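Here are my notes for you, written as numbered points. Keep the model open beside you and look up each place as you read.

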Amino acid sequence: MSKIILKSSMLMALILGLVGCTDKVAGTVTDTGNTVAGVVYRADGSEASDAIVRIARTHVESGVGVPELIEVTTDSNGAYSFDSVLSDTFQLAVIDAAVSEIFFLPKATRKAKDLDKITLSKAAVFKSSLVYEDVLEPAVQVGSHFIVGVSGTPFYESVFAGDTFEILLPEGNWWMEFYPGDAQIVAKLQNSGLSDTVVYRTWSMGGELKTGDTLEIGPFIWSPTAEIDSLIKENEAEAKLVSRISGQVFCKNGKACEGVEVNLITDLYGFGFEGDSLKFTVMTTTDSLGRWWLNVPKEVPEDSFRVEYRKIQDNVVSQAGTSRYVLEKEIKDLKDTLDLGADTLVRAAGLVSKVNVIVDKNDSTQSNNCMLNSVVVGIKGTSHFVRDVACETFVLRDMPAGAQEVVLYSGDRKVMAKMLESEAPSWIYVTLTGVTLPEGAIQQIQGMTYQVPSQNIFENPLAKEK
């Protein structure tokens, strides 16, 4: 047991002592001393800057804990360098969290040519959270800092109790491990009589995790009194591979578009937005190959959804676009990743117009006073919706160009709530108008009209049957 304590202490000391290594200029693998050096490249061929490179012993004698390791970070050119290694044979792991890519050699030597030029590939992802359930009058105060990782490998993360975490992993069937992050706490727990199986809690995935998969499970419990078979919180123990959607985005010049902001649109008509305008929500960004991944939406209010993109340059939306509409049935019972294909951005478009009110002269409940009628106008399947007083000019900017549908309905929330709760078909209270938005320009539309809904709309049986 003392060896485990020594390894954890040495780990922290080595990591703290290697800060200066990140600025070294690396060459190639060399036989000079114990030096190991090389360059790390991402899957698209670009240099992987700020990637973590870890060299670790090939095994842990007790079978638990993070192995003794040393760590550096690649420089702006993707170069890394170690002045020494722990042994002639070691594990080498590279983790690039910015693009969710990794590299792993479970058994390497300092003379291996593989280390001269390392190319990363897409990682598998393990997502969860950790709960610390203390006991009354515990013999040892454990604190809130824990280590979570794959037993005996350099793949681990520091986690605080109550927080969610995400670990990038190679594909495979792994044993995950959870234990206090302070080596002195581990020593006190062991000296108090707790066995390693209690201090170092392990859980098997029970199946192989593939590259690009995301496994989400938990929360996990760490407690000195918890039964070994109850590591996962009750009623939340079922592990699931998270079904996802993915795609690729190209810029207007035809090249892969990196850093594009991605937003998933499930509320096609903007019924759920508050305030005067709907905002673009950045859910993820594209990587250096223009690729993106998102979890499948939990709910699809309409029969379909789509993805909206925008490219920000100098704090301005320079390019925009959308994916195709994805039918709800395409993601039903999906157990893998649905690829939506490639989309190409174009220069953003705009729309300027106003909406005039139309009333039924025979309906005394209606008013043609613009100030008494608010409207919502937007582009279906995007984040571009505004709520304004009828007859007032409105402007929509930074929108996807091309063929779109303008959506128009009442801006009165009480009226819309009643309509949405009714069995009336949406065509009664939503107007759709086709429009082609010019690339890089503003489209002016005149003559948009808004029919004030009648109080008798829900009592007209013909309306429901049409």
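1. Buried residues make up 47% of the 466 residues in the chain, where buried means under 20% relative accessible area, exposed over 50%, and partly exposed in between, with a 1.4 Å probe and protein chains only. What you see is a predicted model, in which local features need pLDDT of at least 70, side-chain atom pairs count only at pLDDT 80 or more, and totals for chains, interfaces and linings use all residues. Residues are numbered from 1 along each chain as its sequence is written, and side-chain values use heavy atoms, with hydrogens and water left out.

2. Of the contacts in the chain with a separation of 6 or more, 71% are between residues 24 or more positions apart, a contact being heavy atoms within 4.5 Å.

3. Please find Cys251 and Cys257, which are joined by a disulfide with an S to S distance of 1.7 Å. The rule asks for a pair of cysteine sulfur atoms within 2.5 Å, and it gives a count of one disulfide. The link of Cys251 and Cys257 is right-handed, with 65 degrees about the S-S bond. Are these two cysteines buried or exposed? Both Cys251 and Cys257 are buried.

4. Leu264 belongs to strand 19 (residues 261–265). Why is Leu264 counted as buried? It counts as buried because its relative accessibility is 12%. Beyond its neighbours within four places in sequence, Leu264 is in contact with several residues, including Ile245, Met283 and Phe305. Asn295 is another of these contacts: it is 31 residues away from Leu264 in sequence and 9.6 Å away in space, C-alpha to C-alpha.

5. Compare that with Leu105 in strand 6 (residues 101–109). Leu105 is buried because its relative accessible area is 15%. Leaving out residues up to four places away in sequence, Leu105 touches Phe90, Gln91, Leu92, Asp114 and Leu115. Leu105 and Leu115 are ten residues apart along the chain, with 9.4 Å between their C-alpha atoms.

6. Where is the largest pocket? Look around Ser100, Glu166, Arg244, Thr284 and Trp293, which lie nearest its centre among the 20 lining residues. On a 1 Å grid over the protein atoms alone, a pocket is an open set of points with protein on both sides within 12 Å along at least five of seven lines, a cavity is a set where a 1.4 Å probe fits but cannot get out, and lining residues have an atom within 4 Å of a point. Strand 21 gives the most to the lining of the largest pocket, with five residues.

7. A search of the whole structure finds two cavities of 30 Å³ or more; a volume is the space filled by probe spheres set on the points, and grid points are joined across faces, edges and corners. The largest share of the lining of the second largest cavity, four residues, comes from strand 10. Among the residues lining this cavity are Gly65, Phe155 and Tyr179.

Terms used: Helices (H or I, at least four residues) and strands (E, at least two) are DSSP runs, numbered from the N terminus.
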